[in-house]
Amino acid sequence: MNIDGKSYRSIWLNPDGWSVDIIDQTLLPHQLRIHTLQTAEDAAEAIYSMRVRGAPLIGATAAYGMALAMTEGADDDYIELTRKSLLETRPTAVNLRWALARVSEALQAAPVDARAGLAYALAQRICDEDVRINASIGTHGLGLIEGIWKEKRGTAETLNILTHCNAGWLATVDWGTALAPIYRAHDAGIPVHVWVDETRPRNQGAALTAWELAAHGVPHDLIVDNAGGHLMQHGMVDLCITGTDRTARNGDVCNKIGTYLKALAAFDNEIPFYVALPGPTIDWSTADGVAEIPIEERDSREVTEVSGRLSDGEMGTVRITPDGVTARNFAFDVTPAKLVTGLITERGICPASEAGLASLYPAREFS
Ligand code: MRU
């Protein structure tokens, strides 16, 4: 990803070979500030506070958290202690569990004095794989968008795609999942226009997706979360693409709260609703997403307060509710597979079903 002509990933190892830098996403779009992780605790804090967020990036940060821990102590007990404390940071994105299991299992099998080096190598590999996976999601998604544009070309000047939350390069190591096909389509000369759901309460759409799309030059408009249904009824949406934090083996997808309502509206209006996902988002151990996926509930102040840039240019938080109001903050919801037109993966596009997923992942890896 380029910002002002400089190429960035969302996480990287510093030249000291030890500390890890991230972009502090709690400050975007107002400040581009790099935040340094020096301990496993720093990595856990960054995930919990959402300085980093998005399922693939959470997994990559946790892998680096394990590497930082190995410079503090590399015995079996410390591996397990660190794995557990990183796992507790956020419950829904399955990439976290997957990355931690991958790193900790490899560490347990290695001699103690080789563990730190191995952990850094694995964290780097997870990051590089994520970039390759997302680039491939972009290629498969481009084919889909080209097909839809071919049918529409001649009758319209733009292809309108609606997305929810941020499943762009900031949510991954680079490229993004849902946004990767959009970047590729834009670069291929297809006149895509994106409807960006603001995504209350943390406003990942308003703050992050709008910022990313602007940086890449992709035309877009920000809309309030409740606008999508209206736009769909009036022929103003050709396609929806979202990400997912956990994909059950039956094809149910768990993504940012509000995704389900968009899928319902798309279904009612016969608009294709696709979900883009990397293999490590599939949870083969979950048979029924609606019944089984744990839904994170966050601090209610994220609902009662809004943060942003004040008129004096400083960052600030304001309360928008009566004092004493009680609020609940469910961070994710599950969209049943029957509402999903297809899953865009790094291995191709498949139906949202167990048979569909198994056709692309016959070994059922990544669990
Ligand atoms: O709470 P967040 O910001 O971590 O939620 C992120 C999402 O819901 C994304 O859509 C999902 O992680 C897919 S990212 C490629």
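This report covers the ligand site and some backbone features of a predicted model.

## Where the ligand sits

Domain 1 (2–128) and domain 2 (140–360) each contribute residues to the shell around the ligand, so the ligand lies between the two domains. Among the elements involved, α2 (55–70) and β11 (253–256) each provide at least two shell residues.

## The shell and its contacts

The ligand has 19 residues around it, and those that come nearest are Arg53, Arg90, Gln204, Asn255 and Lys256. Sorted by class, the shell holds 7 nonpolar, 8 polar and 4 charged residues.

The protein buries 100% of the 420 Å² that the ligand exposes when taken alone.

## Cis peptide bonds

Leucine 28 and proline 29 are joined by a cis peptide bond with omega near 5°. Proline 29 belongs to the loop between β4 (20–23) and β5 (34–37).

The bond from arginine 200 to proline 201 is also cis, with omega about 5°. Here the proline, residue 201, is in the loop between β7 (192–197) and α7 (204–216).

## A positive phi

Methionine 50 is not a glycine, yet its phi is positive, at about 70°. Methionine 50 is found in the loop that runs between α1 (40–48) and α2.

Note on methods: Residues are numbered from 1 along each chain as its sequence is written. This is a predicted model: local features need pLDDT of at least 70, side-chain atom pairs count only at pLDDT 80 or more; totals for chains, interfaces and linings use all residues. Side-chain values use heavy atoms; hydrogens and water are left out. A residue is near a molecule or strand if one of its heavy atoms lies within 4 Å of it. Accessible areas come from the Shrake-Rupley method with a 1.4 Å probe; for residues, only the protein chains shown count as cover. Helices (H or I, at least four residues) and strands (E, at least two) are DSSP runs, numbered from the N terminus. Ala, Val, Leu, Ile, Met, Phe, Trp, Tyr, Cys and Pro count as nonpolar, Asp, Glu, Lys and Arg as charged, and the others, Gly among them, as polar. Domain bounds come from an automatic or database domain assignment.
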